[in-house]
Amino acid sequence: MGTLLNYPQLSFIHRYAMRDISRSYKKLWVISTTLFISLLLLSLTFSIKQSMNEEIQANSKELLGGDIQINSGIEPLSTNTLERLAQLGQISEMIELGTMLTKQGDTPVFTQLRVVDSQYPLYGVMKTTPKDAAQKLFLSEAKPIVLINENIQNQLQLNVGDDVTIMGQNFAVGGVISSVPDIAQSAVFGEFAIINKAQFDKFNLKTGGSFLHNHYRLKISPDKTTEGIINEIESLFTGDKTVETRLPKDSVQSLRSAIDNFSNFLNLVAVSAMIIAGIGISNTLLSFVNQRNISIAVKKSLGFSSKVIQLIYFYEIILILILTSILAYFIGVLSPILANSLIPQAYGIELQPTFSILSYLNIAFIGLLVVLIFSIPSLYSINSIKAVALFRNTFQPVSLHFSTKNIFYLVILIAVLVCYFVLQTQQQFFTLVYFFAFFATIFIFYGVSRLLIFFLKRSFSFSNNSYKIAYRNIVAKKSLAPIMTISLGIGLTLLLTISFVANNLKTEISQSIPSIAPDVFFVSINKDEKNDLENLIRKLDPEVELEFMPMAGASFISINGIPIETIVSPDNRSSWIVQGDRRISWLEKPSEDNPIVKGEWWEPGITDQMFISMDSRAAFDLGMEIGDKITLNILGRDVTGVVKNFRKVDYRDISINFAIIINQAFANKLPFEYVGTLKSNFSTDEIQSKVVKEFPNISAIKIDRILSKVSEVLNKIFIAVTGISLVVIVIGLIVIVSAVLVQTTFRKYNNLIYKILGVNFPTILKAMTLEFVIIYLTLVFFAITVAVVGSYFVVENTLGLDWTFDSTLTLWIVLATAVVAFILIVIANKNIFSPKVYPLIRNE
Amino acid sequence: MVFEEMSAAIEFSNVSLEYGLGNELIKVLKCISFSVNSDETVSIVGPSGSGKTSIIMLAAGLEKSTDGSIKIYDQEITNLKENDLSQIRRQNIGIVFQSFYLIPNLTAIENVLLSLEANQKYDLDNEAKELLGEFGLSHRINHLPSELSGGEQQRVAIARALINKPKIILADEPTGNLDGENSKIMMKLLLDYTKKSKTSLVLVTHDTSLAQRCDRIIELNDGNIA
Ligand SMILES: Nc1ncnc2c1ncn2[C@@H]1O[C@H](COP(=O)(O)OP(=O)(O)OP(=O)(O)O)[C@@H](O)[C@H]1O
Ligand SMILES: [Mg+2]
């Protein structure tokens with residue numbers, strides 16, 4: 001490394017760099033903006049993720065609603081057990097169920113009903129308007145009271161004091177809930193209401209409703225050790241498959257992994273932005289070095305070593321990095337305040353901005369690595385500027401410098417960056433694959449440019465002046481074609497990939513309201529009620545399409561004798577199938593909507609053995625094979641059956657789809673209820689009202705409400721994705737500008753000479769166009785290919801959708817990018833329109 | 001014997017310089033030898049393409065000779081690495097180019113200071129001002145090169161070469177871009193300085209009247225000393 005730098009030398013470098021920045025800051029804007037935008041993106045994602053996690057951590061007890069939660073499913077815990085629990089601390093009972101809430105003369109609303117006792121909530125507070133509504137709930141007034149959430153209020157235009165009917169019983173609206181602490185337990189988007197458990201018992205509403213669950217929460221007495229009690233309770237229920245215990249850390253697990261997944265995605269976008277910004281930095285630096293060609297040569301003639309000159313420029317970039325990263329960090333830190341206003345109040349989340357030197361250093365370190373990686377090849381090009389040029393008056397443009405030593409440094413730095421980043425994320429494998437794909441893409445485009453030069457050299461040349469100039473520019477020894485190809489290629493590829501993914505998401509949204517879907521879903525239809533219900537509906541609309549399926553509750557115990565918890569991790573995509581209560585159904589013949597993809601249907605009529613048909617994707621995710629032995633707990637009894645086949649289930653059609661279907665002959669003995677779907681040209685509101693009036697226990701769920709909610713969520717995702725891709729596009733464009741800038745410094749002189757020699761303007765313009773068209777056409781094919789592969793991977797594997805290709809969209813993006821990039825090139829080369837000889841003579 | 005101990009500032013012994021151009025081998029310098037004493041001014045003349053500039057580049061350590069030995073104050077420089085060459089250059093040699101080559105975004109004084117800063121000499125603004133004053137540029141100290149005339153630019157360039165008190169000055173047609181009047185001013189500045197500080201000067205020029213003002217003339221012809 002040569003001699004060490006001393007203090008006066010460092011201070012000289014500092015002063016020189018400061019002077020240089022202040023005199024040529026205009027030339028550094030590309031580096032500053034790209035670095036700033038990408039660092040900001042990084043800082044935003046880190047900061048939001050951190051404050052969300054902190055908020056959730058701080059509130060994990062409130063989110064669970066107690067120190068421990070015990071779920072006993074449909075059956076309540078025995079009085080015995082409850083008494084034992086009561087000795088350990090304060091206990092709060094809750095029943096959750098789905099039911100219809102009706103306002104006289106209005107359409108009923110399917111509601112998530114929470115039945116709570118006066119202990120509720122054990123942690124945190126329930127916020128209502130009017131403020132005292134929560135207390136009123138537990139006063140034993142003549143008329144029972146219900147608290148509703150805003151969604152119900154809006155749909156039914158309810159006011160405090162209005163009457164509503166729930167399961168045939170009249171309630172008065174006592175107030176509107178704005179938030180409850182244990183929101184993690186319920187659907188945030190849906191309609192929900194709270195009633196008093198004493199009244200629920202008094203009017204004996206237990207028989208109604210659907211999806212009924214009993215929950216118990218315990219606040220452990222302060223005089224007892226939490227850990228001991230928790231162990232005691234857990235051992236109390238071991239072996240009892242129907243009871244499940246949850247701790248505060250479990251309650252936040254799903255929320256946290258959702259946040260992690262989203263922030264992982266954002267992180268990847270941010271790091272792509274960083275790397276693209278890196279390419280921009282590399283280009284800008286190179287053009288910077290070339291613009292200072294003479295200055296660098298003069299410094300060398302004065303006896304400055306390359307190292308000192310490199311240090312000056314490197315120092316300038318580091319200063320820019322420090323400034324932009326500090327700015328980006330502070331904006332990022334303050335972003336939770338902005339996020340607070342965007343998060344619905346019902347979540348009860350209040351994010352706090354947290355300053356920490358460590359998280360600043362985290363961002364600055366990633367920025368430093370990227371800057372190092374991308375400035376090394378540019379700065380080392382200084383080595384190849386020779387002072388000799390001052391005697392000969394010829395300044396060869398220099399290009400990125402890759403020596404063995406450089407490559408060695410680069411490999412190490414890239415490895416550090418990748419490891420550092422991957423270690424911070426949850427889905428490490430995907431992140432690794434992503435990085436690999438990204439760097440592979442860079443290499444692909446480098447290869448493409450080499451290929452282009454190779455083929456151009458071999459193809460015969462046209463005797464056209466413009467072509468000759470273009471040809472010479474591309475195949476020249478220090479051609480710009482590789483840099484142009486890589487920058488444009490990466491930019492275009494990213495643009496295409498993100499657009500493809502976003503487009504697939506959008507298609508998904510517009511297709512999520514399919515014509516085949518039913519209008520209304522009926523659940524909790526009693527076996528004996530089914531015929532009456534069917535008659536009633538058919539009387540209202542003889543043309544109606546009506547379908548009923550039997551249904552029973554079951555839970556997953558094991559695959560081939562191995563307990564399911566040990567096989568399936570909570571972040572498995574299909575873990576929902578094996579968690580908690582599942583509903584299963586049965587069929588004797590395969591359904592047309594669910595084609596069998598593997599295995600065979602079963603022999604009908606076998607009553608003493610259970611056969612299982614699984615959703616093919618779930619089977620894949622859970623690692624099941626045909627012939628596996630699966631144990632289900634059906635109504636408290638463990639039953640083992642054999643997997644016979646996998647079906648392709650499309651949950652989007654919202655007809656009655658079950659992940660698990662068993663053979664009818666075996667299921668005939670089980671107690672069950674029905675679910676039904678209905679599709680009618682008749683007013684479904686009217687059918688729904690009549691049904692709910694006649695059968696207060698049946699819940700009728702209108703599909704369009706669910707769908708509109710689903711599409712609301714998807715739309716938000718779409719907007720977020722579009723917004724993020726916009727940032728990437730902006731950075732991509734800046735990079736393209738930087739590539740053009742590199743060109744400009746190279747070309748200025750050449751164009752001037754051409755002009756002086758009398759090559760006319762149209763010829764130069766034609767040559768420029770031709771050169772661009774040749775490079776762009778070559779890279780388009782590869783950009784589309786990489787984008788197709790990348791987006792296919794994301795859409796099919798990560799989002800779990802069916803990938804489709806949109807050729808019109810592709811064409812538009814390819815054309816638009818071409819036009820924008822070319823206009824930028826022309827603007828950047830505008831000096832060819834009026835070449836000024838003056839600055840060249842005046843030594844500017 | 002005091003005189004024998006006194007070493008030559010520059011010593012070329014059997015130096016050759018060749019460039020390979022495709023299959024062709026261009027012999028630029030053909031085994032030339034000469035030396036320049038430490039207080040001697042020497043001019044190099046010869047037709048275009050005879051290798052004058054090449055000699056300057058070799059002496060400055062900016063070009064590698066194909067063969068032979070080049071010594072600067074007895075130190076062999078032909079086998080040195082770039083860093084060591086940089087050091088010899090900044091400590092011993094001042095270069096003046098035909099096309100001045102001032103750094104465009106530095107002012108006159110900053111351009112001059114740069115050559116001190118290369119030697120890690122800082123905060124010598126007064127000396128730089130003084131020298132620029134001697135060169136009649138006191139009123140142009142804070143001007144950018146683009147705001148200076150050609151003659152002024154060349155005087156700044158010479159100040160830049162001299163400020164560091166080099167023992168050797170190499171000048172490649174320093175007057176080539178100047179008119180007769182400016183050429184004379186320039187030549188006077190250079191010769192006054194070299195005489196005053198006993199510095200050696202190697203001056204490449206086409207102008208025979210300028211050449212004759214040096215102590216000795218070396219004539220080059222087709223890579224040979226005539
Ligand atoms: N890099 C190179 N490759 C091949 N030949 C070169 C190279 N550099 C210089 N030459 C050749 O070396 C010879 C001497 O060049 P040099 O610049 O030393 O001449 P000169 O005497 O300074 O000429 P002038 O008076 O025109 O400046 C020339 O014939 C030139 O063509
Ligand atoms: Mg010459």
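Start with the polar pairs across the interface: between chain B and chain A, eight residue pairs are in polar contact, both partners at pLDDT 80 or more. The model is a predicted one.

Next, select the side of chain B that touches chain A. The elements giving two or more residues to it are α2 (52-59), α3 (82-92), α4 (108-117) and α6 (150-162) of chain B. Colour α3(B) separately: with five residues, it makes the largest contribution to that side. Colouring by class gives 15 nonpolar, 12 polar and nine charged residues.

Now show both sides of the contact, 36 residues from chain B and 33 residues from chain A. Together the two chains bury about 3200 Å², with carbon and sulfur atoms giving 54% of this area. Pick out B:Tyr101, B:Asn105 and B:Tyr122, which supply 20% of what chain B buries against chain A, more than any other three residues.

For charges, the interface holds two salt bridges. One to display is A:Arg23 with B:Glu110, whose side chains meet at 2.6 Å, N to O.

Move on to ligand 1, which lies between chains A and B. Of the 14 residues that surround it, the closest are A:Arg392, B:Ser48, B:Lys52, B:Thr53 and B:Ser54. Draw distances from ligand oxygen atoms: 2.5 Å to a side-chain N or O atom of B:Ser48, 2.7 Å to a side-chain N or O atom of B:Lys52, and 3.3 Å to a backbone N or O atom of B:Ser50. Ligand 1 alone exposes 640 Å², and the protein buries 68% of that.

Finish with the shell around ligand 1. α2(B) gives the most to this shell, three residues. By class, the shell contains four nonpolar, seven polar and three charged residues.

Conventions: Residues numbered from 1 in each chain as written. Chains lettered and ligands numbered in written order. Predicted model: local features only at pLDDT ≥ 70, side-chain atom pairs only at ≥ 80, totals over all residues. Heavy atoms only, no water. Contact = heavy atoms within 4.5 Å. Buried area = accessible area lost by both parts, 1.4 Å probe. Salt bridge = Lys/Arg side-chain N within 4 Å of Asp/Glu carboxyl O. Polar contact = N/O pair within 3.5 Å; in protein donor to acceptor, adjacent residues only side chain to side chain. Helix = DSSP H or I, 4+ residues; strand = E, 2+ residues; numbered from the N terminus. Nonpolar A, V, L, I, M, F, W, Y, C, P; charged D, E, K, R; others polar. Near = heavy atom within 4 Å. Areas by Shrake-Rupley, 256 points an atom, 1.4 Å probe, with all protein chains shown as cover.
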